[in-house]
Amino acid sequence: MDDALIEKRIAATLEKAFGQGVQIQVCAEVPGVGTERKVHKLSIATPAGDNLKLFAKTGTDSQVRIEAALYPSAFGSDFSVAPRFIAATEDNGVHCLITEEVVGEPVDASNQDHVVAAFRALAELHRLGRPHVGTIVDIIHGPTTRVAHFTNPRDMFDRIFMIWGLATAFGITRDDLAIFYDQRVLDLVLNEEWTFVHGDFDPNNLLINPDTLDVRFIDFGFGEVRAASSDLMYEFNYGKVFGDHLHAGLRAYWEASDQGVSFETFRIRQAYWHASYYADVYSWKLRKEHLEDEDYCRGQAAWLECIRTGSRYIAEQIAAS
């Protein structure tokens, strides 16, 4: 997209929100966002004489389309863990979403207070999103499209064995996967109520006010409707994004959530989704030529260990109960 088109779309969206006579004093691009979408920081003067600081996201890709539809149609202006919605427009496939600027900085994953606040905010996102599930499904998939993503996570493990030689190439056996087919585990996982999930729960997508620990989510382009625990599928053991503070964050999420299950059950669900995420990655990513490449197989060993780690944890929790 060229700059002139972006500026035209931003100006039209501001006019929709505030009427004619909006003065754009600053329109500064935020670097590193991508080519199919752009983000700009705005300083404007409204016809009513107000000076405002805003964010504008423009683009042609599906992520911008989803966000531009989610804010006005599902979130509304009072969705407390998202920036306040101002306006959204679309013209010839170019979408523009304008929100109020959030005062803050990316969550610091090495700061336990930040991590706890982030996980509590995720619980709030899931609680607020649940009443809007029907609307969100229509926005993301269309009114006649059945949601097919993650409807049965067990299918992810089934697909592992559809790939030539995976069990022997990576040392994954049916014994490693047996716990994922245990009916007790499936009952815990498949009976979880669905809600709206962010889909990219990462410190860079969380802006926190360091003085108040108030957290706002940005970048809802991977938003989806599925089980709440699946929003935590990328994090299971320590040493990853949230490091030593992951357990504190998970405990804070569970305390703030409305799942109505024990912490152990919540962790089993999270471990299942974590393992199923990696199972699903392998089910669509790998090809026969990959499996014949010894260097490639060695390099992916850590990912496959995620499946085993989740299996061991779930088996231990089931045995203890």
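This short talk goes through a sheet, the helices on it, and a few individual residues.

Please keep in mind that this is a predicted model, in which local features need pLDDT of at least 70 and side-chain atom pairs count only at pLDDT 80 or more, while totals for chains, interfaces and linings use all residues. Residues are numbered from 1 along each chain as its sequence is written, and side-chain values use heavy atoms, with hydrogens and water left out.

Let me begin with the sheet, where helices (H or I, at least four residues) and strands (E, at least two) are DSSP runs numbered from the N terminus. Five strands form an open sheet in the order S1-S2-S3-S5-S4, with antiparallel pairing, where two strands pair if DSSP finds at least two bridges between them. The edges are strand S1 (23–29) and strand S4 (85–91), each of which pairs on one side only. Neighbouring strands are turned by 20 degrees against each other on average, direction ignored; axes here are lines fitted to C-alpha atoms, for helices over the stretch in contact, and angles run from 0 to 180 degrees between N-to-C directions.

Strand S3 (residues 51–59) pairs with S5 in the antiparallel sense over 6 bridges, and Gly59 has His95 in S5 as its bridge partner. Helix H2 (residues 62–75) packs on the sheet, touching S2, S3, S4 and S5, and its direction makes about 50 degrees with that of S5. Helix H1 (residues 3–18) lies across S1, strand S2 (37–45), S3, S4 and S5, running at about 130 degrees to S4.

His95 itself belongs to strand S5 (residues 94–100). Is His95 buried or exposed? With a relative accessible area of 13%, His95 is buried, since buried means under 20% relative accessible area, exposed over 50% and partly exposed in between, using a 1.4 Å probe and protein chains only. Setting aside residues up to four places away in sequence, His95 touches, among others, Arg9, Lys57, Gly59, Val64 and Glu90, where contact means heavy atoms within 4.5 Å.

Turning to the cysteines, a search of the whole structure finds 0 disulfides, a disulfide being a pair of cysteine sulfur atoms within 2.5 Å. Cys27 is in none, and the nearest cysteine sulfur, that of Cys96, is 9.3 Å away. Cys27 counts as partly exposed at 32% relative accessibility, whereas Cys306 counts as buried at 13%.

Finally, Leu207 sits in strand S8 (residues 206–209) and is buried, with a relative accessible area of 12%. Leu207 and Asp108 are 99 residues apart in sequence and 9.5 Å apart in space, C-alpha to C-alpha.
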